[in-house]
Amino acid sequence: MISSIFGKTKPINYIILLVFLFLFYWFAHFVQTELSDDLFYKMGFLVLLMLSIFLVDFIVKRNKLTKTNSFAILFFTMLMVVFPEVLTDENAIWCNVFLLLAARRLLSIKSLKNIRVKIYDASLWIVVASLFYDWAILYILLVFTAISLYDPKNGRNWLMPFTGLFTVAMIAYATLLILDNPDFLKEHYQFNFEFNVAYFTHIGNSIKLLIYILMTAIAGLVAFVKLRNSGSGKLITMRVIALYFLISIITVVLISADNTYPVLMTFFPAVIFFTHYIDSIKKPNMKEIVLIAAVMVPFLIFFGDLLNK
């Protein structure tokens with residue numbers, strides 16, 4: 001049943017996931033932080049999460065990262081159920097949106113059209129993302145990796161990321177002067193290592209995160225093997241996505257301070273790998289079983305965490 005619905009790209013898929021996210025978002029806030037008077041403020045972040053679903057779907061389809069289906073946005077939504085704390089981290093939500101905008105431009109470099117413009121745009125969005133989490137600037141490595149993979153001989157390509165950095169710095173500084181807060185950039189970019197010991201030593205959190213990373217790594221390995229055997233020419237793109245996931249895991253460790261949950265930024269590359277794994281299953285019955293598990297297990301984890309609190 002799940003494969004028959006999300007195995008195709010239909011408007012009903014968006015409706016199902018958006019309605020579910022709407023309901024789950026408020027429920028998660030109620031059980032984790034309790035709802036207060038700032039409902040309209042929280043509604044804004046719900047809209048950003050919904051926008052993230054559309055961005056993931058657009059990136060996947062536009063760059064043909066997977067087969068034509070809606071499994072990527074299904075997994076993206078289910079990961080929010082596994083890690084509901086990300087729904088309360090406003091900086092992570094903003095940062096993830098801008099990283100998705102960067103990924104949209106970065107992955108389209110493979111067309112070899114308007115390369116410098118895409119490098120500039122991707123760099124600009126990554127720097128904007130770093131205004132919410134300073135360590136997000138590490139994603140600029142994706143830009144230099146893409147340059148080295150697609151067009152390394154053009155020297156001007158290597159300068160474009162610095163142009164994007166300069167642009168954001170000038171606009172941000174001018175805005176901060178107007179807001180009478182010129183020291184924000186100096187205070188923000190501290191690059192401190194604030195390891196949240198309590199979060200990682202909690203047996204439930206650590207096991208959940210380790211299993212998630214392990215499953216993503218296995219799905220990624222399956223994706224690489226499948227693409228290498230098919231000779232589809234998508235291996236370069238998958239390398240960029242793999243590096244995206246690796247950088248995301250590093251940021252999870254570096255930014256894991258109190259009340260910060262940057263694991264949201266790992267979701268995009270993870271769902272690409274998960275979707276490739278599902279696409280590799282040939283037997284319809286087996287695929288349906290795996291999809292049912294992919295939907296049921298997140299809820300078991302979520303309610304299991306509630307009972308343990």
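Predicted model: local features only at pLDDT ≥ 70, side-chain atom pairs only at ≥ 80, totals over all residues.
**View 1. Helix 4, a buried helix.** Start with helix 4 (71-82), where 12 of the 12 residues are buried, so the rest of the structure largely encloses this helix. Among those buried residues you will find Phe 71, Phe 75 and Phe 76, along with Leu 74, Leu 79, Val 81 and Val 82.

**View 2. Helix 3 packed with helix 4.** Two packed helices are described by the angle between their axes and the distance between the axes. Here helix 3 (residues 39-62) meets helix 4 at an angle of about 145°, and the axes lie 9 Å apart. Their crossing is right-handed. On the helix 3 side, look for Leu 49, Ser 52, Ile 53, Val 56, Asp 57 and Val 60; on the helix 4 side, the contact uses Ala 72, Ile 73, Phe 76, Thr 77 and Met 80. Sorted by class, this contact has 8 nonpolar, 2 polar and 1 charged residues. Helix 3 itself has 24 residues, which at 1.5 Å each should span 34 Å, in agreement with the 34 Å between its end C-alpha atoms. Follow the chain just past helix 3 and you reach Lys 64, which has a positive phi of about 50°.

View 3. The model holds 26 aromatic pairs. One of them joins Phe 83 and Phe 267, with ring centres 6.1 Å apart and planes at 40°, so this pair is tilted. Phe 83 sits in the loop between helix 4 and helix 5 (90-107), while Phe 267 belongs to helix 13 (residues 267-280), so the pair ties together parts 184 residues apart in sequence. Phe 83 is buried, at 0% relative accessibility, and Phe 267 is buried with a relative accessible area of 0%. Elsewhere, ring pairs connect Phe 20, Phe 24, Phe 27, Phe 299, Phe 302 and Phe 303 into a cluster.

**View 4. Helix 8 and its packing partners.** Helix 8 (residues 155-178) is made of 24 residues and reaches 36 Å from its first C-alpha to its last, close to the expected 34 Å. Which residues of helix 8 are buried? They are Asn 157, Met 160, Pro 161, Gly 164, Thr 167, Val 168, Ala 172 and Leu 176. The buried residues of helix 8 pack against helix 6 (115-130), helix 7 (140-150) and helix 9 (184-188).

Terms used:
Residues numbered from 1 in each chain as written. Heavy atoms only, no water. Phe/Tyr/Trp six-rings, centres within 6.5 Å; stacked < 30°, edge-to-face > 60°. Helix = DSSP H or I, 4+ residues; strand = E, 2+ residues; numbered from the N terminus. Buried < 20%, exposed > 50% of the residue type's maximum accessible area, 1.4 Å probe, protein only. Axes fitted to C-alpha atoms, helices over the stretch in contact; angles between N-to-C directions. Left-handed = near helix turned anticlockwise from the far one by under 90°. Contact = heavy atoms within 4.5 Å. Nonpolar A, V, L, I, M, F, W, Y, C, P; charged D, E, K, R; others polar. Expected span 1.5 Å × (residues − 1).
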